[in-house]
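Dear colleague,

Please find below the structure for your records.

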Amino acid sequence: MRATPVIEARGITKEFPGTLALDRVDFQLLPGEIHALVGENGAGKSTLMLIMAGVHHPDAGELLLYGRPIKPRDPHHAQQLGISTVFQDLALAPNMSVAENVFTNTQPTRSLGFIKYQEMYDAARSALATFGVDINPRAPLRNYNVAVQQIVEIARAITRQVRVLILDEPTSAIGERETERLFHVLRMLRQRGIGIIYVSHKLNEVFALADRITVLKDGKLVGTLATKETNPDEVVRMMVGRELSHLFPNRDGGKRTPFLELRSLSGVGFRDVSLTAYSGEVLGLFGLTGAGRTELARALFGAEPATGGEILLEGRPIRITNPAKAMAAGIAYIPEDRKRDGLFLEMSLRQNVAAACLKALSGAVFMRPEREEALARQAIGMLQIKASSLGQRVARLSGGNQQKVLFAKWLARQPKLLIADEPTRGIDVGSKAEVHALLRKLANEGAAVIMISSELPEVLGMSDRIAVMREGRLIGIFPRDEATDELIASHALGTATNSVDTKGGSGDGR
């Protein structure tokens, strides 16, 4: 006999101004099940998740918890019902202690309302030990990386007697080692009978973890499949409505010339890095969380100072002391957090596309609106950005279209070197293929591209050469034709038995 769903959506419909986000969608989550929810950006995944979390209310349809109708009024009410959501943008207080974050609004108190701090610290330590994490519950949460912060958020949900745990892109900001730890925890929670909704664009994770997969497209239910009875190609076809025969574009193997050379470059989070990036190639930069990849990228863009070593562009030494100097030298940077560091979310698509080249779009005194509009229209056509108008706020665009706007902003400057830090983080499989094609097109047109990624299949699929960092140091550089999953991963983890020359020979990959 089939178990009663822990939570069920029946005919859920939700409309926003100009958009039918959900159209009579059905969904069931069983006790002790990990159920993946997948679809392209704009498919309706987030809206369904937010309705279950009490953030939005459906226009039609109903939610049931163990067969009984429920109407979550707000996120707090949803938590009282046993529905907890861990959003991609973590809802934590970094200046408060770890324990205070675990027990937000649920601190153990005495009769007069005073908090029992020692009891709270002990309970927090015990809750986190379940995850294999031994950290100081008294320390400010800001002392710990995103992976630990995410575990704190999940621990908070569990301490509230969660029955439904909803995870929104839970591995978007963590590396492979932390992902494996998270998977171990989720499997443990499944054994306890907790139902888990896993929202992700990473199909390799979905197939490694989920019991069933539900696919949404354009606000409609496409279907629900048992994971063991399907395959990634079928799921992609359901998501995008077409075959993606080439997720990664072909490498052309054309002529390349040195553009960027680093000689023993050091800075905050990295040291003694020597490598060359060539015009006409995609250089993949791989490493675990904390390897120093982003810190190196920020130093190359002048966002953080280099403390030693030398940078050469086209054979000439240069000191890059700020982003303006990097931009003047032809360097562009796509940051890993597009919402925080890359876009002006409350400004229009047109204004965001123009943001990196205001001088070129202005007259003697004022901006030239017709130039700004022409540039934005060109970007929409070239990158196939889906927006209601040039004036649409970027915050209202899907994640994939936001990423395209960020690319458009920098491509307008026709960069000689593009550094793309996690360029496909949080976007769907169709948009990923478009971003990959864009990076390859840029390289084919003569730019040097450095692509930082935590996804090993992406690094192997996109790169002409692969540089591996660990603990702030460059460990090796490998030609793509010689690289394997095991080779790259073993160097990133520090388990490789052979050493690699990072300054020349096989390490340079030429």
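Strands β11 (residues 257–267) and β14 (residues 306–313) are paired in the antiparallel sense, with 6 bridges between them. Within this pairing, Ser-266 is placed opposite Gly-308 of β14. Please note that the model is a predicted one.

The two strands belong to an open sheet of 4 strands, whose order is β12-β11-β14-β15 and whose pairing is antiparallel. At its edges are β12 (270–279) and β15 (316–318), each of which pairs on one side only. On average, neighbouring strands in this sheet are turned by 15° against each other, with direction ignored.

Helix α9, formed by residues 293–300, lies across β11, β12 and β14. Relative to β11, helix α9 runs at about 115°.

A further point concerns a pair of helices. Helix α5 (residues 146–159) packs with helix α6 (residues 176–191) at an angle of about 10°, and their axes are 11 Å apart. Because angles under 35 degrees count as roughly parallel, α5 is described as roughly parallel to α6.

Which residues form this contact between α5 and α6? On the α5 side they are Ala-147, Gln-150, Ile-151, Ile-154 and Ile-158; on the α6 side they are Glu-178, Arg-181, Leu-182 and Leu-189. Sorted by class, the contact of α5 with α6 comprises 6 nonpolar, 1 polar and 2 charged residues.

With kind regards

Terms used
Residues are numbered from 1 along each chain as its sequence is written. This is a predicted model: local features need pLDDT of at least 70, side-chain atom pairs count only at pLDDT 80 or more; totals for chains, interfaces and linings use all residues. Side-chain values use heavy atoms; hydrogens and water are left out. Axes are lines fitted to C-alpha atoms, for helices over the stretch in contact, and angles run from 0 to 180 degrees between N-to-C directions. Angles under 35 degrees count as roughly parallel, over 145 as roughly antiparallel, 65 to 115 as roughly perpendicular and the rest as oblique. Contact means heavy atoms within 4.5 Å. Ala, Val, Leu, Ile, Met, Phe, Trp, Tyr, Cys and Pro count as nonpolar, Asp, Glu, Lys and Arg as charged, and the others, Gly among them, as polar. Two strands pair if DSSP finds at least two bridges between them.
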